[in-house]
Amino acid sequence: MVPVVIATVTFATSATVPGGVKENDGTPNLKNEPLFDIFAITSLVDLCFSVTAVSMFLAILTSR
């Protein structure tokens with residue numbers, strides 16, 4: 001169940017933002033960095049693909 005592990009790790013990285021957050025307003029410290037934007041987009045895409053794979057696996061498993 002590799003997709004489950006990937007979905008778990010992806011969710012954990014989205015919940016704990018790299019670089020931390022500003023205490024006063026909660027925005028990420030690396031908000032204006034281009035690499036942070038790439039990280040956020042790839043993390044979202046990864047989460048979508050992982051959840052889709054798990055959903056398809058469970059649909060196939062329960063259809064028998």
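**Close-up 1. Phe36 and Phe39 in helix α2 of the predicted model.** Phe36 and Phe39 are three residues apart in helix α2, so about one helical turn separates them. The count of aromatic pairs comes to one. In that pair, the ring centres of Phe36 and Phe39 are 6.3 Å apart and the ring planes stand at 35°, so the pair is tilted. An angle under 30 degrees would have counted as stacked and one over 60 as edge-to-face. Phe36 has a relative accessible area of 14% and is therefore buried, the limit for buried being under 20%. Phe39, with a relative accessible area of 28%, is partly exposed.

Close-up 2. Is Ser50 buried or exposed? Its relative accessible area is 5%, so Ser50 is buried. A polar atom of the Ser50 side chain lies 2.9 Å from the backbone oxygen of Asp46. With neighbours within four places in sequence left aside, Ser50 is in contact with Pro3, Ile6 and Ala7.

**Close-up 3. Val9 of helix α1 and Leu47.** Val9 has its place in helix α1, which spans residues 2-15. The relative accessibility of Val9 is 48%, so this residue counts as partly exposed; exposed would require over 50%. Along the chain, Val9 and Leu47 are 38 residues apart. How far apart are the C-alpha atoms of Val9 and Leu47? The separation of these two atoms is 9.0 Å.

**Close-up 4. A nonpolar patch on the surface.** The patch is formed by Met1, Val4, Phe57, Leu58 and Leu61. Together these residues have about 460 Å² of accessible area. Which element gives the most to the nonpolar patch? Helix α2 does, with three residues. Phe57, one of the patch residues, lies in helix α2. At 37% relative accessibility, Phe57 counts as partly exposed.

Terms used: Residues numbered from 1 in each chain as written. Predicted model: local features only at pLDDT ≥ 70, side-chain atom pairs only at ≥ 80, totals over all residues. Heavy atoms only, no water. Buried < 20%, exposed > 50% of the residue type's maximum accessible area, 1.4 Å probe, protein only. Polar contact = N/O pair within 3.5 Å; in protein donor to acceptor, adjacent residues only side chain to side chain. Contact = heavy atoms within 4.5 Å. Patch = residues over 30% accessible without salt bridge, like charges linked within 9 Å, V, L, I, M, F, W, Y side chains within 5 Å. Areas by Shrake-Rupley, 256 points an atom, 1.4 Å probe, with all protein chains shown as cover. Salt bridge = Lys/Arg side-chain N within 4 Å of Asp/Glu carboxyl O. Helix = DSSP H or I, 4+ residues; strand = E, 2+ residues; numbered from the N terminus. Phe/Tyr/Trp six-rings, centres within 6.5 Å; stacked < 30°, edge-to-face > 60°.
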